[in-house]
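Good morning, colleagues. Please look at the structure first.

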Amino acid sequence: WYGMFWRPKTPGQFMLRLRIPNGILSSHQAQVIASIIARYDENGTCDITTRQNIQLRGILISDLPEILKRLKEADLDTIQSGFDNPRNVTGNPLAGIDPHEIIDTRPYTKALNKYLTNNGKGNNEFSNLPRKWNTAVAGAHDNFLLHNDIVFHPVEVNGVMGFGIWVGGILSSVMNSYAIPLDAWVRAEEICQITGVICSIWRDHGERNIRTKGRFRFYIDSIGLEKFREKVEEQFGPLSHDPGSIFNGQPRSHYGIHQQKQSNLYYAGLHIPVGRLTAEDLQDFAKAAEKYGSGEIRLTEDQNVILVDIPSHQLEAFKSDQLLSRFSINPGSITSGTVACTGNTYCSFALTNTKDQAQKIANQLDKELEIPKELKIHWTGCPNSCGQAYMGAIGLTGTKAKSKEGKVVEAYNLSLGGYQGKNAKIGKLYKKSIPKNEIKNVLEEILIKHFGAKKRKTKASLKTPIYPFIHWFINLAKNNSP
């Protein structure tokens, strides 16, 4: 409940997960996290997660009181960030600066975070749920968040801003499905109340004996959506019908430099390879945020970073900053869409080394293939799907298989067709038990067959190779020499 995770893979060392509502950090907070990593973590790294927050590695239990004290002084906490609790509340990473936003999600993600954790003190109303609980608030039509247990999508009714409610998103070892509309609308100020009602009904009636069936979606399916809506109304009161909250279009790429809704201000999306940062990296991001922008850093669910509020007169200086040589604003089509969970380097549930394998193969494929646009490839080390495999156009779920030599090796089950946006789809299993040393070739074949990839031309494949002319010239010179 303090966000401290024991991991058998690293005996005596713990993982510590922060809460960062809406994925927004100040430069000071980033510096505090960096100093903790440098001081207390022997590996000196942290991971951006698929819930817009940060996980620290290698923490010793004896250091926890001092770390929690330092985090609290920086207005950060870890409470209820793991186990059967409401996890980090996510929202639009461009909240407040998005030219296309319907509503600024920051006040609502902060309010929900405070409500669910009792202002960071711990909330015993929601600290012993049947399983974990994911909450999200969309700010624009293309904020895709349907993998959450409850999703609020902004929609106005008769001049009053409120939210349509979607429920039951799940990615797990047993079931993968996007959230479904509850056909309910609440006023913006009722967002915490309705969350409490919905979550408490599940808390009191959800499955607790069979842990794999403990997630919220299984409870909804067991009694039916209509019956569940009736139970909500019994506690909340009559619910208005949802007038049409929608997820429309494919989520935007944040990479590159883009105009904010504020005139003469820009934001820059930078690619963080598989979401891993060192203490030095975090310090450099904090410095860049202060030097070029307002000192604010945004984290995305794709494990990347956005720097905001960069004035137009600072753009050229920013573009030449050494930070961009390490973290590209224009990554390759495959690396840009690659997401990976922690993997078996640290996590005892993971069956494969996702991060290293994902990064290596993405880099190789970008060098060898041309592909028209960014492609979502999600790697997860086990069926628990922290890497959200079935959301990816290509999904890879860690498993074990026998090699041609008969040895048990790391392998992946591969899914195809996951789509985030209008007419969203969950991927379907395409091929099982692919040994890790065959993954690259299988991916290459799929990318060419299903996604329009083409092999890059090499010197040897040029239409007019220069080498025959050189040999012809040398032979001519020899034959005509005195």
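Let me begin with Trp166 and Phe247, both of which are buried, meaning under 20% relative accessible area, where exposed is over 50% and partly exposed lies in between (1.4 Å probe, protein chains only). This is a predicted model, in which local features need pLDDT of at least 70 and side-chain atom pairs count only at pLDDT 80 or more, while totals for chains, interfaces and linings use all residues. Residues are numbered from 1 along each chain as its sequence is written, and side-chain values use heavy atoms, without hydrogens and water.

The whole structure contains 15 aromatic pairs. Rings of Phe, Tyr and Trp (its six-membered ring) pair if their centres lie within 6.5 Å; planes under 30 degrees apart are stacked, over 60 edge-to-face, and the rest tilted. Because the ring planes of Trp166 and Phe247 stand at 85°, with centres 5.2 Å apart, this pair is edge-to-face. It links distant parts of the chain, 81 residues apart: Trp166 lies in strand S9 (residues 160-167), and Phe247 in the loop between helix H6 (225-236) and strand S13 (256-259). Helices (H or I, at least four residues) and strands (E, at least two) are DSSP runs, numbered from the N terminus.

Ring pairs connect both to Trp133, Trp202 and Tyr219 in a cluster.

Trp202 is also among the buried residues of H4. Of the 15 residues in H4, 12 are buried, so this helix is largely enclosed by the rest of the structure.
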